[in-house]
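Please look through the sequence and the 3D structure before reading on.

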Amino acid sequence: MPGKKKTIKRYARRVDKLESKVKKLKARLKTGGVGAEIAPAKSAMVSPFAPARFPDLPEIDGVRFASAAAGVKYAGRTDVMLAEICPGAALAGVFTKSSTRAACVLDNQAKLAGNPVSDQGAAILVNSGNANAFTGANGQASVDAISGKVAETLGLPASRVFTSSTGVIGEPLPHERITNVLGELKTKLSPASISDAARAIMTTDTFPKGACATVAGEGGEIKIAGIAKGSGMIAPNMATMLVYIFTDASIAPDLLQKLLSWQVDDTFNAITVDSDTSTSDALILAATGKSPAAPLIEGSDAAIAFEKALRAVMTDLAKQVVMDGEGATKFVEVQVTGAQTTADAHTIAMSIANSPLVKTAIAGEDANWGRVVAAVGKSGAYAERDLLTIRFGDIVVAEKGWRNPDYSEEATSAYMKQAELVIGVDLGLGEASKTVWTCDLTHRYIDINADYRS
């Protein structure tokens with residue numbers, strides 16, 4: 001017994017030492033000390049949907065990018081990006097509808113409302129690591145300090161500087177760390193650095209997101225390139241998500257805003273990871289007018305082609321956000337058809353896509369279609385039990401108010417093992433439809449978010 005007691009005490013001392021080391025490491029990470037250049041290990045696991053490499057995005061004439069490590073949260077981590085946009089560019093934007101919008105969102109909305117085009121150029125500065133949201137008067141003070149310093153550095157009016165912040169809510173933004181690297185950012189500006197910019201805006205993202213398209217305009221080619229960040233706190237209006245899209249198209253700002261706004265509901269407002277809307281969502285679209293193509297006119301063939309290409313880029317980026325959903329192992333498309341109205345179709349699709357029971361069943365590869373039935377019923381949209389048809393992929397699992405007599409549990413279970421799934425619900429009531437995208441809900445999501453601030 002004495003020997004056993006000594007052994008227990010020895011192990012207890014070892015545990016105490018390990019706990020002490022852990023506390024010290026956490027403190028160093030929080031203060032930006034040695035070792036803080038590495039983000040917590042919980043963010044290190046890469047999504048199974050991550051592409052092998054970042055896409056080759058075309059250079060957009062009239063836009064230059066740079067990124068730097070400002071140490072906003074972690075020392076040594078690239079966390080600030082700057083985009084310099086040429087004079088004469090048209091700008092448009094869509095932002096979160098949250099009633100607790102971050103100071104930078106409110107500032108951007110005000111600036112876009114009053115000055116969408118200018119012969120003095122523009123700039124976008126984005127930081128990760130801190131959302132600068134719910135920080136009182138300090139939030140606007142930080143926005144003003146950053147905008148003013150960017151304006152001074154690039155020779156722009158502060159009214160043409162747009163800022164975004166993403167990360168922890170409720171913590172004052174150490175904006176001086178950002179303004180201190182503006183000189184470095186200016187010297188590094190290059191039209192080829194968009195991929196570095198995409199990496200700089202990541203938070204819990206496991207891969208940088210980019211998409212592009214090319215359009216045949218009247219008299220020349222029009223290029224579109226976009227980057228996005230988003231992994232958690234993803235839900236409509238918009239979905240934590242920052243998106244920046246650049247084109248060399250020549251287009252009036254009011255038409256640019258129209259085309260952007262028209263595409264949001266079927267792209268970034270049609271995705272969900274966890275049903276939580278962010279305080280900081282921003283989508284900014286800049287058109288430099290540098291393409292040799294003729295200016296786009298509403299209703300023209302070229303404008304219609306441009307709108308289609310813009311939608312494709314937005315859809316691609318939106319899907320990438322879901323594929324990088326925190327802890328996601330499955331990418332799920334929810335198709336609702338046969339609704340009386342598009343609003344009903346959207347409501348039901350989101351009810352399914354946001355259901356924790358549906359999402360955990362998908363994570364467990366369980367063909368529990370009864371949870372889909374429950375999600376339809378709880379949505380509040382009009383549905384009739386005996387008219388419903390539910391499919392997993394091409395497999396009809398239920399119809400006419402009960403389970404399909406030919407339903408095969410074995411076949412459906414085999415389908416659920418696929419990485420990409422489709423859940424289809426036909427209401428049998430009308431012609432309206434809606435498609436949304438979501439992911440499964442795994443324990444990894446809890447691991448990431450249970451101690452996000454640690």
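## Basis and overall picture

A residue is called buried if its relative accessible area is under 20%, exposed if over 50%, and partly exposed in between (1.4 Å probe, protein chains only). By this rule, 52% of the 454 residues of the chain count as buried. The model is predicted: local features need pLDDT of at least 70, side-chain atom pairs count only at pLDDT 80 or more, and totals for chains, interfaces and linings use all residues. Residues are numbered from 1 along each chain as its sequence is written, and side-chain values use heavy atoms, with hydrogens and water left out.

The chain has 13 helices and 15 strands. Helices (H or I, at least four residues) and strands (E, at least two) are DSSP runs, numbered from the N terminus.

Strand 8 is largely enclosed by the rest of the structure, because six of its six residues are buried. Leu242, Tyr244 and Phe246 point one way from the strand, while Val243, Ile245 and Thr247 point the other way.

Two strands pair if DSSP finds at least two bridges between them. Strand 7 (residues 220–229) pairs with strand 8 in the antiparallel sense over six bridges, and Lys229 has Leu242 of strand 8 as its bridge partner. Strand 9 (residues 282–287) runs parallel to strand 8 and is joined to it by six bridges. Here Ile245 is bridged to Leu285 in strand 9.

Ser250 sits in the loop between strand 8 (242–247) and helix 7 (253–264). Its relative accessibility is 22%, so Ser250 counts as partly exposed.

Contact means heavy atoms within 4.5 Å. Not counting residues up to four places away in sequence, Ser250 touches Gly289, Pro295 and Leu296. Ser250 and Pro292 are 42 residues apart along the chain, and their C-alpha atoms are separated by 8.7 Å.

## Ser165 in strand 5

Ser165 belongs to strand 5 (residues 161–168). Is Ser165 buried or exposed? Ser165 is buried, because its relative accessible area is 3%.

A polar contact is a pair of N or O atoms within 3.5 Å; within protein, one must be able to donate a hydrogen and the other to accept it, and residues adjacent in sequence count only if both atoms are side-chain atoms. Leaving out residues up to four places away in sequence, Ser165 touches several residues, including Cys104, Asn130, Leu173 and Ser280.

## Thr347 in helix 9

Thr347 is part of helix 9 (residues 342–354). With a relative accessible area of 34%, Thr347 is partly exposed. A polar atom of the Thr347 side chain lies 2.9 Å from the backbone oxygen of Ala343.

Beyond its neighbours within four places in sequence, Thr347 is in contact with Ser379 and Ala381. Thr347 and Tyr382 are 35 residues apart in sequence, and 9.8 Å separates them in space, C-alpha to C-alpha.

## Cysteines

Cys104 has 1% relative accessibility, so Cys104 counts as buried. Cys439 also counts as buried, at 1% relative accessibility.

A disulfide is a covalent bond between the sulfur atoms of two cysteines. How many disulfides does a search of the whole structure find? The search finds zero, where a disulfide is a pair of cysteine sulfur atoms within 2.5 Å.
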